Amino acid sequence: MRIVATSLVALLVLSTAGAQPPASSAPPAAAAARTMVSAADVTALIAKAKADRKDNQPIVAQSLLQLAPYNVSLEYRASVGNAAVHETEAELFYVVDGSATLVTGGKLTDEKRTNAENFTGSGIEGGVSRHVAKGDFVMVPEHTAHWFSAIDGTVVLMSLHLPHRPQP
């Protein structure tokens, strides 16, 4: 299944990397009905996220593609939000546009359980900070705190959660 996920990511990257989107009047299809996202669709979703974002709303997330159990999301981030830990999923980020500082590792501050598999916090104590920019990929393993601690204007990400599959 990880091969399918990797292929899905490669398809998304190749369809958006450096392409100039053609004009399109049709709205993108629902994520569950799509097997491909064009550069024009991505551009339209980014514009929609920018327009829909409320003041001080740190993130607008929209589903790009779905192939159970995978969901590829577009995240438009314009301010710092909460840190997170996913207990049963790794998370792959691809920076579509913009840049930010990503902290990974360490411990969540003000940790709260949000559901059976996730925690959030107001930040991270410790951890490793790195600057990420357009074209970068980052894999965050399960059980690893991660947080965009600074956003340089805006950052647009592709996010893919990869469920843990026990090895036989």
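Helix 2 has 14 residues and spans 20 Å from its first C-alpha to its last, close to the 20 Å expected at 1.5 Å a residue (the expected span being 1.5 Å times one less than the number of residues). Helices (H or I, at least four residues) and strands (E, at least two) are DSSP runs, numbered from the N terminus. This is a predicted model in which local features need pLDDT of at least 70 and side-chain atom pairs count only at pLDDT 80 or more, while totals for chains, interfaces and linings use all residues. Residues are numbered from 1 along each chain as its sequence is written, and side-chain values use heavy atoms, with hydrogens and water left out.

**Helix 2 and the cores**

- The buried residues of helix 2 are Ala-39, Ala-40, Asp-41, Val-42, Leu-45 and Ala-49 (buried means under 20% relative accessible area, exposed over 50%, partly exposed in between, with a 1.4 Å probe and protein chains only).
- The largest nonpolar core has 19 residues (a nonpolar core is a set of buried Ala, Val, Leu, Ile, Met, Phe, Trp, Tyr and Cys residues joined through side-chain atoms within 4.5 Å), and those with the most contacts inside it include Leu-64, Val-72 and Val-96.
- Two or more residues of this core come from each of helix 2 (39-52), strand 1 (59-67), strand 2 (70-77), strand 4 and strand 11 (146-163).
- A second, separate core has 11 residues, among them Val-95, Ala-100, Val-138 and Val-155.
- Leaving aside residues up to four places away in sequence, Val-96 touches Val-42, Ile-46, Lys-134, Val-156, Leu-157 and Met-158 (contact means heavy atoms within 4.5 Å).

**Strand pairing**

- Strand 4 and strand 11 are antiparallel and pair over 14 bridges (two strands pair if DSSP finds at least two bridges between them).
- Val-103 has Trp-147 in strand 11 as its bridge partner.
- Strand 2 also runs antiparallel to strand 11, joined by 6 bridges.
- Ser-73 stands opposite Ser-159 in strand 11.

**Salt bridges**

- The whole structure contains 4 salt bridges (a side-chain nitrogen of Lys or Arg within 4 Å of a carboxyl oxygen of Asp or Glu).
- Arg-77 and Glu-75 form one of them, with the closest N and O atoms 2.9 Å apart, and both residues are buried.
- Glu-87 pairs with Arg-113 in a salt bridge whose closest N and O atoms are 3.2 Å apart.
- That pair links distant parts of the chain, 26 residues apart: Glu-87 lies in the loop between strand 3 (83-86) and strand 4 (89-104), and Arg-113 in strand 6 (residues 112-115).
- Glu-87 is partly exposed at 23% relative accessible area, and Arg-113 is partly exposed at 44%.
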